[in-house]
Every structure is written in structure tokens, then in C-alpha cells.
Amino acid sequence: MFADRDLGVKVAIYGHFAETGRRPEVVDVARRAGIDEAGVVASFQSLRAQRLLLLENDGRSIRMAPPFSGVPTQHLVEADGIGYFANCAWDALGVPAALRKPGRVHSRCEESGEPLDLPVGLEGPESSDWLFHCLVPAAKWWDDLVFT
Amino acid sequence: MLFFRSEERAAKWCAGRGVPRRPLVTMNQLWKLATTWYATRLEAVARRPQASEMRALFASIGLDDDFWDPGSDRFG
């Protein structure tokens, strides 16, 4: 157990995502962090304030623990036999970077729908001329993170 | 934050929605951003980069205009 509750909760959240590819429920985090559920929910709010977590409106369900998405998206990353949803194109490369494992990014060209199948090694993606575009300026990213 | 097959595809998508076309980023540049942002995310010591670190990161890979400035309010 961590002396800092928020830190223990954060490590528990990311540990669950890394091992399963899916978001943890409050009870999962409580069990993993060794604290009660009320403490987990309080830490969720604290981590949200630190911009480390984005929650659903119920305040208990994790929408984003970047680079991982708590809900299905168009950006799927396969690594070590596990499928992970990423929040955006940036996070799609962020998943193998965070896991420190090779992976494969499956996504699409937003204009044409052409599928992207990009192998990513420990040193980076295979040579590719695909491009990344961000509509929202950096100063505004957290104003509406889902839209960003 | 989206993927596009080419510059032309990105321009067409932006024009179709009446939104400005922003600077395009290569996969190698994006990998640099992803690793800097997330390489320690699963560890207890991880933290989000601060604004000054973000500016330095963007500048190090040639993304040095106001669009990438986390403290800029000239856009949006």
C-alpha cells in the first residue's frame, strides 16, 4: 500500500488497464490498492483535478486514463495478446510507449476510412508516411478532452 | 487527434468541415511525443509534463509555432 492514497489509486488503475486492456471498476481499484471504495472515489476526483484522469458523469467510471480509453474507440492497439483502446491517434502510439512492449496500431484515415495497420516496436513505428493532425491548440486540450 | 493517409486527405477533411488545417505531424514526431508523454505513465513516479517541458519537447521536434504553446490563447 502507498502512503499517498492518490498515488496508490493511480498505480492500481494503470496496473489494471495494462493487465486487462479494460477499465477497472471502483471495487477493482479498492482491492488492488488496499483501501476502501470511498477512498478510491475521493482519489478519482483528486486525480481528475490533476488532469491524470477523466471520469464519466457518475464520478465513478473511468472514461480516460491516458493513453488508455475506458470505452471502445476507433483506435485499437494490440500488444502481447491484449487489445487496448486508445483515446486518440497520439494515445494510440502512447499505449505501446507506456507498456514498453511492441504492438500493432489499428485505426483509420478519418477522411477516406482507409485502415491503418501500423506495427510499433520498442524503438518506434515502422516507416510510414501516414500523418497526425490535431485540430485543437495545445492551450485548449483540456477544455474538452473528449473532443480534443 | 486523428490519423490521415496524406496531406491531401487531411486538407479535404478540414475543408469539408470548415475548420482550419493545423500543422501535420509525422509518425516519427508522434512517437517522440508519445514516448515523452507516456513512457513512465505506469510507474509511481510518473507525472504530466509541465508547460515549459511541453514547449521544449515540441520545439525539439520542430513544432515551435503558437499552436503548440500550452500557454498560448491565440487560437481556439
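Mentor: Of the 148 residues in chain A, 53% are buried, where buried means under 20% relative accessible area, exposed over 50% and partly exposed in between, with a 1.4 Å probe and protein chains only. This is a predicted model, in which local features need pLDDT of at least 70 and side-chain atom pairs count only at pLDDT 80 or more, while totals for chains, interfaces and linings use all residues. Residues are numbered from 1 along each chain as its sequence is written, chains are lettered from A and ligands numbered from 1 in the order in which they are written, and side-chain values use heavy atoms, leaving out hydrogens and water.

Trainee: And how much of chain B counts as buried?

Mentor: For chain B the share is 41% of 76 residues.

Trainee: What secondary structure does chain A have?

Mentor: Four helices and nine strands; these are DSSP runs, H or I of at least four residues for helices and E of at least two for strands, numbered from the N terminus. The order from the N terminus is α-α-α-β-β-β-β-β-α-β-β-β-β.

Trainee: Which elements make up chain B, and in what order?

Mentor: Chain B has three helices and two strands, running β-α-β-α-α from the N terminus.

Trainee: Switching to the core. Which residues have the most contacts inside the largest nonpolar one?

Mentor: They are A:I13, A:F44, A:W90, A:F132 and A:W141, in a core of 67 residues. Helix α4 of chain A, residues 89-99, gives the largest share of this core, with eight residues. A nonpolar core here is a set of buried Ala, Val, Leu, Ile, Met, Phe, Trp, Tyr and Cys residues joined through side-chain atoms within 4.5 Å.

Trainee: Now A:S43. Is that serine buried or exposed?

Mentor: A:S43 counts as buried, because its relative accessibility is 0%. This serine is in helix α3 of chain A, residues 37-49. Setting aside neighbours within four places in sequence, A:S43 is in contact (heavy atoms within 4.5 Å) with A:R5, A:D6 and A:V9.

Trainee: Where is A:S61?

Mentor: A:S61 is in the loop between β1 (54-55) and β2 (62-65) of chain A. With a relative accessible area of 15%, A:S61 is buried too. Its contacts beyond four places in sequence are A:R23, A:L54, A:L55 and A:E56.

Trainee: Last one, B:G71. Why does that glycine count as exposed?

Mentor: B:G71 is exposed because its relative accessible area is 54%. B:G71 lies in the segment after α3 (51-60) of chain B.

Trainee: What does B:G71 contact, then?

Mentor: Apart from neighbours within four places in sequence, B:G71 is in contact with A:A139 and B:R55. Its C-alpha atom is 27 Å from that of B:L42, which is 29 residues away along the chain.
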